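Hi,

Here is the structure I said I would pass on.

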Amino acid sequence: MKYTGIELVEKLSLEFGPSGCESKVAELIISQIQDDCDAYYKDRNGNVTAKICGYGAGYNEADPRKLMLSAHMDEVGVMINEITDEGYIKFSTVGGIDPRVLCGRAVILGDEERRFKGVIASKAIHMQSAEERTKVTPIKNMYIDIGATSKEEAESYVGIGDVGVFDSEFVRFGTDGVKMKCKALDDRMGCATLIEVMRSLKAAKCDIPYDVYFAFTCGEEIGISGAQVAAQTIEPDVAVVIETTAVADIAGVGEASNVAIQGEGGAISLMDRSTIYDAKFVQSVMDYAATCEIPAQIKRYVSGGNDAGHIHKAGRGVKTLAISAPTRYLHSQSCVVDTRDFESINKLLFTLIRDGKL
């Protein structure tokens, strides 16, 4: 079954796929793209790459230029590292998760095939000392309760090395459902954008002056993204990374610290912890967005990193752009994205490719 728009974001976000366990996400993506591209393949790292061949005016069939679009499939999660005699699960985090968002959260544990539910917990506040109440509970003092009463019972369901993700619902809220909430919007929203743009390009039957590669990558959340392998294989001239970025557009936060404002379009980066972007390239995209009356904004903060950190250094170097959806409560059970930003990013990326501006 083909999914589109926000429903596509929902289906992708709800899929189980922490770093190193992305196969189910990859299967869902392949089911959505196999009829909308000229070719696709899955590499040894688990990345899924699809291709739409260029054609028409400006396309050099003998030596085509290559455009790479990238979005990562994995999400933050947990990994089981101990099972206690009482049947409780000890764990470490997979990716950057603030311990303050963990206690009381429901999780789904397992692997590509097995699923088992649990809840993250720690000593109840009634039993904490006055000093303990003033501090964030460290992860080493947390556990996952799966309802088991012994180590043997727990081991009949899960094992050391099994992973888990937040157990989250997809919710639309706000006026006319303008906001969407779920786990893993980072970066299943980006994956949805690549799929939507792929379909739009196929439907438009427009001249495309370069071959376009759509890379759905693994392992970004733990810093060893498969984007490096994908970029070395593709050897692109230009790349665009579609991501999410943490924002603080809430009361009491100064404008410079807001990073970006939800509802005002994709946030285009000038610099982050892994990449310095070409300022002229960024400005040309901002100018074209304004010309086409598509909302876009500059990301006003140097933080984080993404697939661009691996892609821009591949081969002889790749001119790279990062467009991110401003996201509240990133790396939590309740990431929040404005649906208007999802739509603006889709429109901007499609327009840039259609008009040969990348």
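This is a predicted model: local features need pLDDT of at least 70, side-chain atom pairs count only at pLDDT 80 or more; totals for chains, interfaces and linings use all residues.

Val 285, Tyr 288 and Ala 289 in α7 meet Leu 348, Thr 351 and Leu 352 in α9; contact here means heavy atoms within 4.5 Å. The residues of this contact of α7 with α9 split into five nonpolar, one polar and no charged. For those classes, Ala, Val, Leu, Ile, Met, Phe, Trp, Tyr, Cys and Pro count as nonpolar, Asp, Glu, Lys and Arg as charged, and the others, Gly among them, as polar.

Residues are numbered from 1 along each chain as its sequence is written, and side-chain values use heavy atoms, with hydrogens and water left out.

Back to the helices. The axes of α7 (residues 279–291) and α9 (residues 339–354) come within 11 Å and cross at roughly 105°. That makes α7 roughly perpendicular to α9 (65 to 115 degrees). Axes are lines fitted to C-alpha atoms, for helices over the stretch in contact, with angles from 0 to 180 degrees between N-to-C directions. Helices (H or I, at least four residues) and strands (E, at least two) are DSSP runs, numbered from the N terminus.

Now the pockets. A pocket is an open set of points on a 1 Å grid over the protein atoms alone, where a 1.4 Å probe fits, with protein on both sides within 12 Å along at least five of seven lines; lining residues have an atom within 4 Å of a point. Volume is the space filled by probe spheres set on the points, which are joined across faces, edges and corners.

The largest pocket has a volume of about 390 Å³. Its lining has 23 residues, with Thr 244, Ala 246, Gly 304, Gly 305 and Leu 330 nearest the centre. Strand β13 (residues 238–246) gives the largest share of that lining, four residues. By class, the lining has five nonpolar, 12 polar and six charged residues.

The second largest pocket comes to about 320 Å³. It is lined by 14 residues, and Lys 66, Glu 235, Pro 236, Asp 237 and Arg 316 are the closest to its centre.

Last, the strands, which pair if DSSP finds at least two bridges between them. β9 (residues 163–166) runs antiparallel to β4 (residues 77–83), joined by two bridges, and Val 78 stands opposite Gly 164. β6 (residues 106–110) also pairs with β9 in the antiparallel sense, over four bridges; there, Val 107 has Phe 166 as its bridge partner.

Cheers

Notes
Angles under 35 degrees count as roughly parallel, over 145 as roughly antiparallel, 65 to 115 as roughly perpendicular and the rest as oblique.
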